[in-house]
Amino acid sequence: MVGAGLAGLTAATRLAEAGADVTVLEARGRVGGRTHGLEVAPGAWVDAGAAYLGERHTALLDLLARLGLKTVPTGMDGASRFALHGDAVEQRDGRFPPLAAVALGDLFDRLDALTRRVDPAAPWATEGAAALDTLTADAWARANLAHPDARTFFPLFLGEMMAAAPEDVSVLHMAFYLRSGGGLRYLNAFAGGAQESRVDGGAHQACELLAERLAGRVLLGRPVTSVHQDAHGVTVEGHFRADAVVVAVPPLLADAIDFRPGLPAPRSGRATAPGCAVKVHLVYPAPLWREQGLSGWSVSAQGPLTSTVDDSPAGGGAGVLTGFVTGADAHRFAALGESERRAAATAQAARLFPGLPEPIAVHVTDWVHERWSRGCYAALLGPGDWLATGPRLTERHHRVHWAGTETSTEFFGLMEGAIRSGHRAALSVLEGHDA
Amino acid sequence: MTIDELTLIYAEVLEAPGIAPDEDFFAAGGDSLLATRVLSAVYRAGGGELTFEDFVAHPTPAALSTLLIGRQASPLGVAP
């Protein structure tokens, strides 16, 4: 197994349960991949990476139940703050932004129509896929969105949904991603949607518990650079010998591995880019905004923090506002020095929430430049990429099988997709190599 | 717009087989994202441009119809 994220550890667990002799090689000094815990106060953990789930995420809920992990609801009670018109900050009850509702409805109507056109199991086989795969979401928006409020909102929505700038993704990928995650309404919603709850104590615990149960079979600090096959098996890093290998890393990292024989086509396309997300955790002594009737939710047209959400640990100990820096802002923000990042995030929080004191700590997690992830939430497929890579998404390369959230057409980019891909890859190994 | 026209729009947006005239959109499974799609459909059907706050205050087809008819009757285009 190459990679000890949710996909790799799910596949390794399933194979070990089937009696296979499994070794997991992980490049980092920790397991978890794009899930990662951050202890912001003694015993109080937040998710520096993947965090949210909803009731349709059945594979993840099954896994959490098996591991004895609980979920907590994402609190959204209270008023929201919006900075969508220059420097002015406006307050509204609930989450609805101070923008023309009809213009947003028109945007959602158009996105919904696109989403419904996509073949969810094989986006590359969608009728008219070639045309949808030629255009970027940015070009689509310029041609289809006339109202300034729709143009303001669209990049914010895309950033929040898929950590992409509109110029980074093809229309096909945008439509597929929204469809794969359950459709516009489900993917956007907190209550009754994909952000309904979080894992109590942090999502990273799932990987830690899986690794614990694979006692001794997960090797850390072991990046994989070569996978060489012969007639009888596979040699990984010139040392580990196996009947089969599952590569459970994002496509940009899989393409950095020296495969012999070589792959028939790269795992990523020419325009594939890292998901653009930087997560900022602003830590306060307690969720003080709640005392002011605020939910902690904010949306800003000007970055760096495009949105903020209350991610305070359920058990208390700290109040945490999580700021999301996505799309083009993520590149600009990630390029700043550490003190400049903190200053920019803190200044924006002070404008949005003038009643709050200075945070007692600021944590910045830059996934764009994370060497062993190359982006978060998931790889962004640009024009041409789905048609080039889609048909081989899950097709094994002799003894090499594929896992990772980018290989799941169901809940692509989410923890749920990673786990489903791990189950599929394990079955693929078991079918191909009867023990 | 008539109550019948609005119940059809509600049902389509909520993907529900039918909606009663006094059914609250949000209680029937609607949220703010879907609410905007009712408002864009009302606009396309010639019912005028409503705000999200208008809709929250008039969440049933019957109440929304009364609001829209009142606006059409008012020379200033605002509800009496």
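Q: In what order do the three strands of the open sheet in chain A lie, in this predicted model?
A: The model is a predicted one, and in chain A three strands form an open sheet whose pairing is antiparallel. The edge strands, each pairing on one side only, are S4 (52–53) and S5 (71–73) of chain A. The order is therefore, with a strand counted as paired when DSSP finds at least two bridges, S4-S8-S5.

Q: Which residue of S8(A) is the bridge partner of A:Tyr52?
A: Strand S8 of chain A covers residues 197–199, and S4(A) pairs with S8(A) in the antiparallel sense over two bridges. Within S8(A), the bridge partner of A:Tyr52 is A:Arg198.

Q: How is H2(A) oriented relative to H14(A)?
A: Helix H2 (residues 58–67) and helix H14 (residues 415–432), both of chain A, pack with their axes 8 Å apart and at an angle of about 80°. Because angles of 65 to 115 degrees count as such, H2(A) is, relative to H14(A), roughly perpendicular.

Q: How many residues of the contact of H2(A) with H14(A) are nonpolar?
A: H2(A) contributes A:Ala59, A:Leu60 and A:Leu63, while H14(A) contributes A:Met415, A:Glu416, A:Ile419, A:Arg420 and A:His423. Of the residues in this contact, two are charged and one is polar, and the number that are nonpolar is five.

Q: Which element gives the most to the side of chain A that touches chain B?
A: The contact takes 14 residues from chain A and 13 residues from chain B. On the side of chain A, the elements that give two or more residues are helix H8 (184–188) and helix H3 (101–117). The one that gives the most, with seven residues, is H3(A).

Notes
Residues are numbered from 1 along each chain as its sequence is written. Chains are lettered from A and ligands numbered from 1 in the order in which they are written. This is a predicted model: local features need pLDDT of at least 70, side-chain atom pairs count only at pLDDT 80 or more; totals for chains, interfaces and linings use all residues. Axes are lines fitted to C-alpha atoms, for helices over the stretch in contact, and angles run from 0 to 180 degrees between N-to-C directions. Helices (H or I, at least four residues) and strands (E, at least two) are DSSP runs, numbered from the N terminus. Angles under 35 degrees count as roughly parallel, over 145 as roughly antiparallel, 65 to 115 as roughly perpendicular and the rest as oblique. Two residues are in contact if their C-beta atoms, placed from the backbone, lie within 7 Å. Ala, Val, Leu, Ile, Met, Phe, Trp, Tyr, Cys and Pro count as nonpolar, Asp, Glu, Lys and Arg as charged, and the others, Gly among them, as polar.
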